[in-house]
Amino acid sequence: MEISVIGSSQVNLGRVNDVGFSNFSRNLNSKNPTAKNIISKGSNLGQNQSFVWPSKSAVGFIVRACASAQNQAVVSEKASRISRTKPNDGVKLYVGLPIDTVSNSNTINHARAIAAGLKALKLLGVDGVELPVWWGVAEKDAHGKYDWTGHLAVVEMVQKLGLKLHISLCFHASEESKIPLPQWVSQIGESDSSIYFTDRSGEQYKGCLSLAVDDLPVLDGKTPLEVYKEFCENFKSSFAPFMGSTIMGLSIGLGPDGELRYPSHHHPVKRNTHLGAGEFQCYNKNMLNNLKHHADTSGNPLWGLGGPHDAPGYDQSPISGGFFNENGGSWETPYGDFFLSWYSSQLLKHGDRLLSLAASTFEDVPITISGKIPLIHSWYKARSHPSELTAGIYNTVNRDGYDSILEIFAKNSCKVILPGLDLSDEDQPTESRASPEFLLAQITSSCRKHGVEVSGQNSSISGDLRGFEQIKKNLLGENGVVDLFTYQRMGAYFFSPEHLPSFTRFVRGLNQPDQSLDDLPVGNQESVEALPDKNLQMQTT
Amino acid sequence: MATVTMGPLFHHRTSLKPIPKFQLISTKPPPFHLNCTLTPSSPFNGAIFSRYFKASKAVSSTGAAVVETLESSNVTFSENFKLERAQKVEGKITVRFDCGKNDENCWRLTVGCGLPGKWILHWGVNYIGDVGSEWDQPPLDMRPSGSIPIKDYALETPFQRKSAGGEAFSEIMIEIKSKSSVAAINFVLKDAESGNWYQHRGRDFKVPLIDSLQDDDNVVGTINGLSTWPGAVGQLSNKLLKPEAAESKGEDIGKLNLRSRPLQGFYEEHSVFKEIVAFNSLSVSVRHCQEKAKNVLYIETDLLGDVVVHWGVCKDESRNWEIPAEPYPPETTVFRNKALRTLLQQKTEGDGSCGSFTLDEGLFAFVFVLKLNENTWLNCKGNDFYIPFSTSVVPHRHSGPTHSEVKEEHEEFSSPVISTDASKTNQADSAYTDEIINEIRNLVSDISSEKSRKTKSKEAQESILQEIEKLAAEAYSIFRSSQPTSPETDVLEEEALQAPLKISSGTGSGFEILCQGFNWESHKSGKWYMELQEKASKLSSLGFTVIWLPPPTDSVSPEGYMPRDLYNLNSRYGNIDQLKVLVKRLHEVGIMVLGDVVLNHRCAQYKNQNGVWNIFGGRLNWDDRAVVADDPHFQGKGNKSSGDNFHAAPNIDHSQEFVRKDIREWLLWLREEIGYDGWRLDFVRGFWGGYVKEYMDSSEPYFAMGEYWDSLSYRYGEMEHNQDAHRQRIFDWINATNGTAGAFDVTTKGILHSTLERCEYWRLSDEKGKPPGVMGWWPSRAVTFIENHDTGSTQGHWRFPSGKEMQGYAYILSHPGTPSVFYDHIFSGYQSEISALISIRKRNKIQCRSTVRIVKAERDVYAAIIDDKLTMKIGPGQYEPSNGPQNWSLAIEGRDYKIWEAS
């Protein structure tokens, strides 16, 4: 819990308004002839920073830290109000910075745009931003050789504006933005491809390291876990001045795209358009050894020779026959249970290892730790949930696969990051038999059960009203499970005239949901009305 | 007693400091212009008001009520609004030419300007024996102190301020020794603050010192030409004190004895208009009287003249306008059952008006706009003024503006003139801003109404949301331009994949090389079309693919830019048949032909009943509804202009459907009848680019380009390195046309000027290492040029640095964009070099979307690699390409430029 003006300005639009606008008007009445506009800034930063907003007009717009007595009064009043509120009755709003904010060469890409964008977000009343920190950028050249300059520069920019920051430590690569794994890791991978996930046909997924090598000394005599740990520790010490003041949270990458799953879809297919359910990724040497050992010890050595032979391929419909067949598929046989239990337990253990690594590394700094779990909603309506199964989540009509996952989050006191809050069932193609809404409900109820807080994210930035309405519904209708929402992501489209107005309306809607009724198409109102005794003033933690 | 209610006691003014007004993104004009000089209130109105006074006093019951109000009420709302509107100020430019100190040999030219501001005289002279009309520097003994020479042909002299009876007045005196060899003095006035030029009939003012020059129609101090000049500036108030003008003409210029005829003095005045921003204020206070259950709202303003409050009330949190129950204040009328209109009472001091409104308790808010006259409305930064009533009546209030409803309402009550105009202007200036700002405005106003008792400063909110808007737009443009996924690049990639290139009217084939096929003198022979016809094969062999012909229509000015009858294509360049033959000939040699179409303005043929030239003739016999309303010269009855005004002729109102229909048909007719392939669009600053899109969509040109020419930004007399604002305006225009037309890359020309004149080649790389002109942002729509008939030729308004033209051509002919070569340069000593540059461009398939990699941008040298096929350098400094993967061989070398080809 922070107690500061930042805390208040972080809360929501209304609060920003409190601080910013009251100062405006006060200053307007002052006799200052230069018409400076003062916005209070994070006084907890203890700095008297001032800067001039680049302005084409002759008169600059001067923002300056304000430490007047009046302002202090505001601060303490706010602080006491915040400290009385419970953490769960409001949603903080963050916006993700561009994936490639920090370039491969450790500089800030389009820094001016980001600077302007951050100011706009600040004025809009957004609480903070999310910054991806790439393994492939910060530890690019050699093991143990860290370069944080680019990331530090971003953090300073964010701090100067009094925004909050969530760090995503990314131990994966991003194909989209051409951010690879560290060079030295890729080099190792060239000689030892068993560090990658491998599918039945022997194709490797090089977007992250296989969970099977977590504890094997494959990286120049170090295990990946040790390397991750060193990375985290170095990050912690390099960013120590910002911890708990600007950096409020950190998520640790758990797998492909940072999510706790297997890369069951090797070839990136456009979202929601694939028919297949993905393939099991248990075919690298280490996985197979592990499976064989497991089969031997469980008394079924023949089950340990490989993955299910009747599992469908990437582009085959999963429920048409074989392993995932709706009725009488192998998944419901003892063999199926044996394999799926093992496959999913490997993922669970990996998640547990990384979350406890992060929790222990950062236990002495006041930031929340989180991990991301995927929202694999396609084929959710099939009995076997084949997409989830290949991704390593043993969730079927007969079994709740998320319960055990959230248990490990709870055990490590970690928050969970859930994407896809913008997805609605209606928008899914019927043939994919997807149900993001039901899946989300299942996961969040598990979260409630285990007392795990949820940070939401959207999966796409379409800017259409439906997506925003869905997000709003999820944020305001989940009894406070979601306490932070990170909108992904800032970029050209985000600030485009097609998108920004809807986003602005969304922010307003979060602030005043009553009023948004007028904007909603008929039929979407129940989510808002169903809220009993809602405290719609969003609060900070 | 009623007067007491209005007294200052209750009118609690919070003295707000003005918030700095952010001019965002582009020069977005204030939504409403005051376009007429304010008329002083007539005595009749005064009388009405005095009756109102008496009535209030006489009716004792109301009087008593008011008294009670006084005693028990409290101020629940008080705010001072700043009213800002653009206002045209009329002033005079005076030109006096007289004999100084009674000395026959010493004459004086005195130029005065009666408009406020800092004025500069930009002037030059012609010497006896000069051929053509190019300016020269005046002799030293003529230069007043404080003059700054501008290159080698002009002088800039600041006006001296004189105060004449409190009126701002400034003047300049130039002494002319009669022994000097000056034949004429040419000048224009420049507003140092806005950078605007003030010319005489679209051209320079010209004061002849010898007779033979007096037949030019821009000559001042003579009577000739005026009668044939409908609608020009000079027509309005010319007081000619020099009755005798040229009597003996035709003498040989070369002979000095010309001067034997004595000079004669004269004095004349020209009306000029300048747009200034006028500030007024409006204060509103609300008192709540509990005993009477009334709210008393008091409005006071320092606006002069009649002020009508167009108002309604909100009965609930929606911002619907409703009419309250009677009684209404005196001088109130009901407007279409939607709103009430109340004329405010003139204050006795005559410095404004005021009025009070007594309303029942329980109403949510009082909403209003001010109406000054039929065309002039004032609102609160684009929204209605919204005055909430005491919150004690309704403890918790959301001001829930169902946005669309407010808008509808607004459009219904305000005259259509305004609502359409406002939206168009916004779109024209920045399609971006308004969408966002409305959203954000609602957002902010929602918040603020919630907190309205704490924070009332609307200006503060306004500046915040403007700041958001500005920042978002900035972020958007940078992200967009730096991301490989920008639409332009997408198009590029798509098109690159297609074997036959898609022809778009904004780009042609992408490989076009343009020739401007005329100069400012081309009309003089009367047979330009025939002369050009003979050059067709030459132009084709030089490599040109497109030619831009001069404006073909009947025109008041010989050059064609003051069109009159659009369907009459007999011009000083030749008749319609000669034009058709020329076009046919050009097509035969493989050159596409662009017609120069002037769509912004058109000269009238007849006067209206007030004697103003605004009735058109010919086949398109439009009346004053086709003329924009905001240029008082021409008393247009159309809507306000969707762009800037060109003041020398009636500006066409493109928002009128009948006008657009006629223009569409005319363009199609030109396409079919003459065979034009596309257009060069004159003065497109004057109207919204969206209309251009419509015209392009219907006339389907092969290629089209617009002339969007405005000033670059200078600081302390030096051009700023960053000209993003300038190119943004051009970019926005292209965007408004939906990319259906390219635009002249004025930015690149301007930057080349500074680069070459000052030897500052670093200017050729912007902050992101891209070309700094429009070419760096939207190369496929940039028509690059270094000179045209206005900037160069015999006008020389903005001449390219002399002697450095080939560096300019080496730059634009090697870079992306569609390069345009000026006629005067083609048929000059530069022809062989230009020809070589064109053939290098062609054989390396450099096109409008080629990529530029700037490898050096230093003080004295600029070098770039284009498409990995060409390396070029300009500037005196050293640069040699390094042979790596490519071997570079020198293709051409000239004065301070070199181009290498990859081999």
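Helix H10 (residues 528-542) and helix H11 (residues 576-588), both of chain B, pack with their axes 9 Å apart and at an angle of about 10°. H10(B) is therefore roughly parallel to H11(B); angles under 35 degrees count as roughly parallel, over 145 as roughly antiparallel, 65 to 115 as roughly perpendicular and the rest as oblique. The model is predicted, so that local features need pLDDT of at least 70 and side-chain atom pairs count only at pLDDT 80 or more, while totals for chains, interfaces and linings use all residues. Residues are numbered from 1 along each chain as its sequence is written, chains are lettered from A and ligands numbered from 1 in the order in which they are written, and side-chain values use heavy atoms, with hydrogens and water left out. Axes are lines fitted to C-alpha atoms, for helices over the stretch in contact, and angles run from 0 to 180 degrees between N-to-C directions. Helices (H or I, at least four residues) and strands (E, at least two) are DSSP runs, numbered from the N terminus.

On the H10(B) side, the contact (heavy atoms within 4.5 Å) involves Tyr529(B), Met530(B), Leu532(B), Gln533(B), Ala536(B) and Ser537(B). These meet Gln578(B), Leu579(B), Val581(B), Leu582(B), Arg585(B) and Leu586(B) in H11(B). The residues of this contact comprise eight nonpolar, three polar and one charged; Ala, Val, Leu, Ile, Met, Phe, Trp, Tyr, Cys and Pro count as nonpolar, Asp, Glu, Lys and Arg as charged, and the others, Gly among them, as polar.

The crossing of H15(B) and H17(B) is right-handed, a crossing being right-handed if the near helix is turned clockwise from the far one by less than a right angle, and left-handed if anticlockwise. Thr748(B), Leu752(B) and Leu756(B) in H15(B) meet Gln807(B), Gly808(B), Tyr811(B) and Ile812(B) in H17(B).

Five strands of chain B form an open antiparallel sheet in the order S34-S35-S36-S38-S37. Its edge strands, S34 (852-857) and S37 (888-894) of chain B, each pair on one side only; two strands pair if DSSP finds at least two bridges between them. From one strand to the next the twist averages 20°. Within the sheet, S36 (residues 870-874) and S38 (residues 897-902) of chain B are antiparallel and share five bridges, and Met872(B) stands opposite Ile899(B) in S38(B). H17(B) packs on the sheet, where H17(B) touches S35 (862-866), S36 and S38 of chain B, and the direction of H17(B) makes about 155° with that of S36(B). Helix H19 (residues 831-843) of chain B also packs on the sheet, touching S36, S37 and S38 of chain B, with its direction at about 155° to that of S37(B).

Chain A contains 17 helices and 12 strands. Of the 541 residues in chain A, 62% are buried (buried means under 20% relative accessible area, exposed over 50%, partly exposed in between, with a 1.4 Å probe and protein chains only). Among contacts in chain A between residues at least 6 apart in sequence, 76% join residues at least 24 apart.

Strand S5 (residues 164-170) of chain A has seven of its seven residues buried, so S5(A) is largely enclosed by the rest of the structure. Lys164(A), His166(A), Ser168(A) and Cys170(A) lie on one side of S5(A), and Leu165(A), Ile167(A) and Leu169(A) on the other. S5(A) pairs in the parallel sense with strand S4 (residues 128-134) of chain A over seven bridges, with Gly128(A) opposite Lys164(A). Five bridges join S5(A) to S8 (residues 247-252) of chain A, also in parallel, and His166(A) stands opposite Gly249(A) in S8(A).

Most residues other than glycine have a negative phi, and most peptide bonds are trans. Gln488(A) and Arg489(A) are joined by a cis peptide bond with omega of about -5°. Arg489(A) is found in the loop between strand S12 (482-487) and helix H15 (500-511) of chain A. Ser413(A) has a positive phi, near 50°, and counts as exposed at 62% relative accessibility. Asn738(B) likewise has a positive phi, of about 65°, and is exposed at 52% relative accessibility.
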